[in-house]
2 protein chains.
Amino acid sequence: MKAKLISRALVAVSLCVGSIVHAQDPLPSWNDTSTKKAIIDFVARVTKEGSPDFVKLEERIATFDNDGTLWAEKPIYFQFQFAIDRVKALAPQHPQWKKQKPFTYILAGDMKALLADGKSMMTLMAVSHTGMTTDEFNKIVKEWLHTAKHPKTGRLYTQMVYQPMLELLAYLRANGFTTFIVSGGGVEFMRCFAEQTYGIPPQQVVGSSSKMKYEIRDGKPVLLRLPEVQFIDDKQGKPIGIETFIGRRPIAAFGNSDGDQQMLEWTMAGSGARFVFIVHHDDAEREWAYDRKSDVGRLDKAWDEALAKGWIVVSMKDDWKTIFPQLSE
Amino acid sequence: MKAKLISRALVAVSLCVGSIVHAQDPLPSWNDTSTKKAIIDFVARVTKEGSPDFVKLEERIATFDNDGTLWAEKPIYFQFQFAIDRVKALAPQHPQWKKQKPFTYILAGDMKALLADGKSMMTLMAVSHTGMTTDEFNKIVKEWLHTAKHPKTGRLYTQMVYQPMLELLAYLRANGFTTFIVSGGGVEFMRCFAEQTYGIPPQQVVGSSSKMKYEIRDGKPVLLRLPEVQFIDDKQGKPIGIETFIGRRPIAAFGNSDGDQQMLEWTMAGSGARFVFIVHHDDAEREWAYDRKSDVGRLDKAWDEALAKGWIVVSMKDDWKTIFPQLSE
């Protein structure tokens, strides 16, 4: 116990040294623009004791949208791609799908028809995400994350994360923030990679969820995922998700689309120092360029509000030196 | 930044020294019985690196029921008492309540009739807990917690907590556990005192919740509490609440009634070292004595399962040296 605690203190000391060494540039993948300055200025103000903007450790809550904010979302939300791949994998066991919508869309490769039809997507999500235990679901998702490749880049989906945002997460945590994901994505889907990819443990992931059922199977309890929605953590649902799961208003929040508008409003409406930004996908060369007309990650109303209220809009093209992390191999 | 980080490391070091000083008896309000030995033995096994039972820091999740486990629940659940007091406070503004059930029960002081009627309790909860913003609700609850006194002891309700359990919470945290409340009580009600009383921050409180609505009022966003249930975190709901909010199976869980049975089953069904106990209220002199026949905190089926499976049943009478914390004044 004694040795363990002392070693923990030493870890704390060595972490400090690490932070001091890198203190020169905590955000190396961000260009030296006004956005980067604003981030560093905000963190300095809320962490400096005696500053009028000082915020106690326990109040330093930062929330991040996931799709389009922490990782990419084109050509389709990655969780939808998982659902499609899952249906393809299950198809041989369901010969009736050959004549049944929406499965016919998938088997014919007609993604446009599939995505245009909300009801189809719901059916697809139900088939791929429910009817199994939580343990079974997590295993399927993890297998997919370890093998499926992005159609454009050939990377694993977990390698489609934004390097500048990974640095922002680490920088905020080094300054005493607790970082949360608050996303429309499925909470259990995201937890399969959030800890390893973002350093965000399961209890700091807020997302949409299905109803579940507790059952004893062969003497062992399981949680069965049911094809019924429990909670949708998007748009107005985001402040509600924050209140229900976190129970404290963030002082910083980051998003990229209309789905994040209410989370940013809710964050900015608190008292004291506040910080939000919207990531604008304006880099067709290194990533994608889309906003007001996009089916995926539409940025329209939230952009207008950002312009009206002076919220920072991050230009991926101008503000980010690199987009995706360099791969070691 | 530099000074701050170094001072944080020093805090870590001084916390260590504190822990070492108290290492002699981390649970002074527990008698030296087999229960206390079992707690200390479990913590030693899961925290000792190299031990076959070693558990990584991030997996050291402990969940605690609240009513009857962390604080008392007699003569009625304290949140019900809050609802009743709230209705009394609101009554002058609602003259029609004089002739309307269930308000007539309260105004006549007929608690027996009120508690016997589930529908009445639901109406009462709706009137007292919804129809206001989250900020308004929190303010009302905090005022009540600062003023209302327990009818038997004359203590504030937050002084009706169990000293041995406060020590257990602190002991587990000192050993790297993250401590959660998982209770049938209202999540926002509990968050009004959990941080100050138990050292448990809002994001580590899991409970029952109402639906909410996000609205802009006078240009400012508010969350309105609606009279509709979102989630009931009791019995089968507890493992579901754990999965939805925490996303990780606890390795230790503590309860006192049939409402905790499934949480304990779920905890014990994981692999590796596990620890659960049930608090048995068997001390009529210092607290209350009740179990199989009680309306509040009934312990019947969970007791049978504890006996069958060898789960520890804590005797408040024999295992606890003190029940409530000593008051400083």
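A salt bridge here is a side-chain nitrogen of Lys or Arg within 4 Å of a carboxyl oxygen of Asp or Glu. By that rule the side chains of Arg248(B) and Glu195(A) meet in a salt bridge, with 2.5 Å from N to O. The model is predicted, and the values below are computed from it.

**The contact between chain B and chain A**

- The count of salt bridges between chain B and chain A is 3, and across the interface of these chains 17 residue pairs are in polar contact, both residues being at pLDDT 80 or more.
- The side of chain B that touches chain A draws two or more residues from each of several elements of chain B, including helix 7 (134–147), strand 2 (178–186), helix 9 (187–198) and strand 4 (220–231), while helix 1 of chain B gives the most, with 10 residues.
- By class, the side of chain B that touches chain A has 27 nonpolar, 14 polar and 16 charged residues.
- The contact takes 57 residues from chain B and 58 residues from chain A, and the area buried between the two chains is about 4600 Å², of which carbon and sulfur atoms give 61%.

**How the two copies are related**

- Chain B can be laid on chain A by a turn of 180° and a shift of 0.0 Å along the axis, with an RMSD of 0.0 Å, and that is the relation of a two-fold axis.
- The same surface serves both copies, since 100% of the contact residues of chain B recur in chain A.

**Two residues of strand 3 in chain B**

- Ser209(B) lies in strand 3 of chain B, which covers residues 205–217, and Ser209(B) counts as buried because its relative accessibility is 9%, under the limit of 20%.
- Leaving aside neighbours within four places in sequence, Ser209(B) is in contact with Thr244(A) of chain A, and also with Val187(B), Val229(B), Gln230(B) and Phe231(B).
- The C-alpha atoms of Ser209(B) and Ala89(B) are separated by 23 Å, and these residues are 120 residues apart along the chain.
- Val206(B) also lies in strand 3 of chain B, and Val206(B) is buried, with a relative accessible area of 1%.
- Beyond its neighbours within four places in sequence, Val206(B) is in contact with several residues, among them Ile181(B), Val187(B), Met190(B) and Phe245(B), and the C-alpha atoms of Val206(B) and Met190(B), 16 residues apart along the chain, are separated by 9.0 Å.

Terms used:
Residues numbered from 1 in each chain as written. Chains lettered and ligands numbered in written order. Predicted model: local features only at pLDDT ≥ 70, side-chain atom pairs only at ≥ 80, totals over all residues. Heavy atoms only, no water. Helix = DSSP H or I, 4+ residues; strand = E, 2+ residues; numbered from the N terminus. Buried < 20%, exposed > 50% of the residue type's maximum accessible area, 1.4 Å probe, protein only. Contact = heavy atoms within 4.5 Å. Buried area = accessible area lost by both parts, 1.4 Å probe. Polar contact = N/O pair within 3.5 Å; in protein donor to acceptor, adjacent residues only side chain to side chain. Nonpolar A, V, L, I, M, F, W, Y, C, P; charged D, E, K, R; others polar. Least-squares fit on C-alpha atoms with pLDDT ≥ 70 in both.
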